[in-house]
Amino acid sequence: MLDPSVLHHLSEAAVAIELETPDMTLNIGPQHPSTHGVLRLVAKVDGEQVYDVQPVIGYMHRGYEKISEVRTYPQIITLINRIEWVSGYANEIPFLVAVERIMGLEVPERAQYIRLILTELTRLSSHLMFMGSYPLELGASTPLMFALRERERVLDLIEGVTGGRFHPNFNRIGGVKPAAGAGPSQKKLVQDLPKGFLEDTRDAMDRVLSTSDELEDLIAGNEVLLARTKGVGILPPEVAMAYGVTGPNLRASGVDFDLRKRSDYLPYDQLDFKTAVTETGDCWDRWWVRLVEIRESARMIKQAVDQIPSGPLQAKVPRVIKVPKGEIYVRAENPKGEMGYHVISEGGQVPYRVKIRSASFNNISILPHILERILIPDIVAIMGSLDFVLGDVDR
Amino acid sequence: MTNSRLESIEDFAASVAEAVGATSHSSDLGTVKVKVERERWVEAVTAARDIALLPLFSWLSAVDWTNDVAVGDPPAEEVEERYEVMCAVSNVTDGQIVVLSTDLPKDDASIDSVVGVYPGANWHEREAAEMFEIDFIGHPNLIKLYLTSDFVGHPLKKSYALISREVKPWPGTVDVEDMPESASSDAPSFENPDA
């Protein structure tokens, strides 16, 4: 038996050398509330520190690129609605523009405006979902109620026009779908937007703007949320670009890149709006960019409602849609980022190949980089701030 | 698109083609496509990033060009059997995007990986590898991405048939058929037979 004073001395020495903990592999998901669906992360952890995170995806792979090779163009619109279900309507736009450009169709201006209004409503619905779910993941449940209440009104507007809340399937090649009952026998009564839609939309946008102020008060003044997001998960702009991160996530890193300003797939050039850009690229900035985008979208919708011209809804298209030989890539600013379709047509009713470029796929390919050497609780904060949808990742 | 915009796209295509040392380039339908040689793939992609100043990686994928297809329609004209690998990169100033493209012979479907140039290509190359059986030489982790590790076959090849098509001919023809002339004779009756 050693002398107690020697024992004491030995235990002091043991504490003085750094504690070595064995590495552990932590499996997060595929069924985990913070993964927004079926994403699995295999992380190595050293105590509370995480390193070498490997995302495992594919649990929802539905093979849309393959199925597109055996579907007619109008049938594909139904499929691509389901790629990213939080903003199903916006998915359709770049594909339609691609097909219309190969066919040389001139889409009537009114149809373009209806598409623009619905796309921006979809963006509101997607960003409001983020405004509700992200604070919830960080432990604040009140913003969810505020955000979802407003989102419900936005979905009601979309439903009023299209008849669907999530998968409207409202676009047609060459325009938008005429309202029910607007057949040849009722030519004089053709009605595209429901009665009172423009007025209702204006009111709803006022409410969205006031709710965005409430959300800002609720979250920007919350010390816990600020502590969990400020300076966490910083994404440098050059890394974001090299990985193909787009949308609000890229703009939060200080890159002023918004396809609504840089491309001409919808008449955004006739509206006055600003892009939201912040400098740091942390979780807080990604939240802030989306809040500003809600305000800008609401302002854009109000302008579009004031400016919407009258006129036809459909270009002249044959009953059987045959797309001439051609190859085109069209991309659009989806709520989640750049969504694009590389369509190769060899003539005929089905495309030869459709490459679907979805925003969330690139946005979460950054995860192994951004989740390196962070604390375990920050995984949830960082993943939530990237705002991805697994259907958009797996296609 | 206006004519001036199309002209500026043509100028842009020519400048990128010069920067990456392309064999040919096109800007049909406003899509800038630049063809490079397979041996110079990594060099060309690096030049696109550094000389043509296109820092934003968009996507990378492939096309299976073949005249003998198990699904869908074959090409309109006879094509050379090959895989076409495409990589789209964009600038962040005026929203121009370039599709770099190169051809691989079917019997030697391998190409150098561009993960070192654009790290975002990592998952895209894994997807193209499992879908088309293309070997990306130098890729750090070329395992399956979407498919399970024991999956047999390469689904996006044109020779890979869809089982649903074997069971039922493709449904598009039903949609575009003419309406039956005498629908009344074959159609089920909704009248109450007891009345």
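## A charged patch on chain B

B:Glu7 sits in helix H1 (residues 3–20) of chain B. Helices here are DSSP runs of H or I with at least four residues, numbered from the N terminus. The model is predicted: local features need pLDDT of at least 70, and side-chain atom pairs count only at pLDDT 80 or more. Residues are numbered from 1 along each chain as its sequence is written.

B:Glu7 has 55% relative accessibility, so B:Glu7 counts as exposed. Exposed means over 50% relative accessible area, buried under 20%, and partly exposed in between (1.4 Å probe, protein chains only). B:Glu7, B:Glu10, B:Asp11 and B:Asp28 form a patch of negative charge on the surface. Patch residues have over 30% relative accessible area and no salt bridge, with like charges joined within 9 Å. A salt bridge puts a side-chain nitrogen of Lys or Arg within 4 Å of a carboxyl oxygen of Asp or Glu.

## Aromatic rings in chain A

Rings of Phe, Tyr and Trp (its six-membered ring) pair if their centres lie within 6.5 Å; planes under 30 degrees apart count as stacked, over 60 as edge-to-face and the rest as tilted. The count is 13 aromatic pairs over all chains. The ring centres of A:Tyr73 and A:Phe95 are 6.3 Å apart and their planes meet at 25°, so this pair is stacked. A:Tyr73 lies in helix H3 (residues 73–80) of chain A and A:Phe95 in helix H4 (residues 88–103) of chain A, 22 residues apart.

Both A:Tyr73 and A:Phe95 are buried. Together with A:Tyr341, A:Tyr73 and A:Phe95 form one aromatic cluster.

Definitions and conventions. Chains lettered and ligands numbered in written order. Heavy atoms only, no water. Patch = residues over 30% accessible without salt bridge, like charges linked within 9 Å, V, L, I, M, F, W, Y side chains within 5 Å. Areas by Shrake-Rupley, 256 points an atom, 1.4 Å probe, with all protein chains shown as cover. Lys, Arg positive; Asp, Glu negative; His and termini not counted. Charge placed at Lys NZ, Arg CZ, Asp CG, Glu CD. Helix = DSSP H or I, 4+ residues; strand = E, 2+ residues; numbered from the N terminus.
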